[in-house]
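Me: I would like to learn how to read a model of this kind, going from overall shape down to single residues. Could you take me through one, giving the general idea before each case?

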Amino acid sequence: TDDTCCWQCRSCGEFQRKSNDHKCSECPSGTRPNPDHSVCVDIPEEFIDFHDPWAIGAMAVASLGVLLTVFVALIFWTYSDTPVIKASGRELSYLLLLGTLASFCMTFVIVSRPTSFTCGLTRFFLGFCYTL
């Protein structure tokens, strides 16, 4: 009775490779098994870069948003002593404009090549901009 299959016959998981006929082991982080689960291979890094049409469109809209936000801020600054601007709550309006400007600027950070720094900025400022 030389069964190659024992009581624990099962397929290896999605991120496991075959160590031997009866055992699977996890692939290291950043790798996944090849189609026959014999070795772990690096996962290719994919990201949107500045030349991608979607990125160009997003950056164009964000640039327009930055310009319009700065324009509105300048109008608020120029006419800050008028009754309409005073009644709208100048300080709160400036804070809202700052949050809007930061949100538009985040587009450029998100489109840039992923690094520890840009990923940290994205994680923090995505929530912070909308909170602001």
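**Reading the chain from the outside in**

Reply: Along the principal axes, the C-alpha atoms fill a box of roughly 95 × 30 × 20 Å. This is a predicted model, in which local features need pLDDT of at least 70 and side-chain atom pairs count only at pLDDT 80 or more, while totals for chains, interfaces and linings use all residues. Residues are numbered from 1 along each chain as its sequence is written, and side-chain values use heavy atoms, with hydrogens and water left out.

Me: How many helices and strands are there in the chain, and in what order do the elements run from the N terminus?

Reply: Helices (H or I, at least four residues) and strands (E, at least two) are DSSP runs, numbered from the N terminus. The chain has four helices and four strands, and its elements follow the order β-β-β-β-α-α-α-α from the N terminus on.

Me: Where does UniProt place the feature "transmembrane region"?

Reply: UniProt positions are given here in the numbering used for this chain, with shortened feature names, and annotations may be inferred rather than shown by experiment. The unreviewed UniProt entry places "transmembrane region" at residues 54-80 and 92-111. In the model, residues 54-80 are 93% helix and 0% strand, with end C-alpha atoms 38 Å apart, while residues 92-111 are 100% helix and 0% strand, with end C-alpha atoms 30 Å apart. The unreviewed entry also lists residues 54-132 for "domain: G-protein coupled receptors family 3 profile", a span that is 86% helix and 0% strand in the model.

Me: Which residues does T107 touch, and is T107 buried or exposed?

Reply: Buried means under 20% relative accessible area, exposed over 50%, and partly exposed in between (1.4 Å probe, protein chains only). T107, found in helix α3 (residues 90-111), counts as buried because its relative accessibility is 17%. Contact means heavy atoms within 4.5 Å, and, not counting residues up to four places away in sequence, T107 touches A58, M59 and A62. For the chain as a whole, 20% of the 132 residues count as buried.

Me: How should I read residues in loops, and where does S88 lie?

Reply: S88 lies in the loop between α2 and α3, and counts as partly exposed because its relative accessibility is 36%. Not counting residues up to four places away in sequence, S88 touches F76 and S93, whereas S88 and S116, 28 residues apart in sequence, are 40 Å apart C-alpha to C-alpha. Y79 lies in the loop between α1 (53-78) and α2 (83-87) and is partly exposed, at 48% relative accessibility; the C-alpha atoms of Y79 and P28, 51 residues apart along the chain, are separated by 60 Å.

Me: What about the loop between β3 and β4, where P35 is found?

Reply: P35 is found between β3 (31-33) and β4 (40-42) and counts as exposed, since its relative accessibility is 84%. The C-alpha atoms of P35 and R17, 18 residues apart along the chain, are separated by 9.7 Å.
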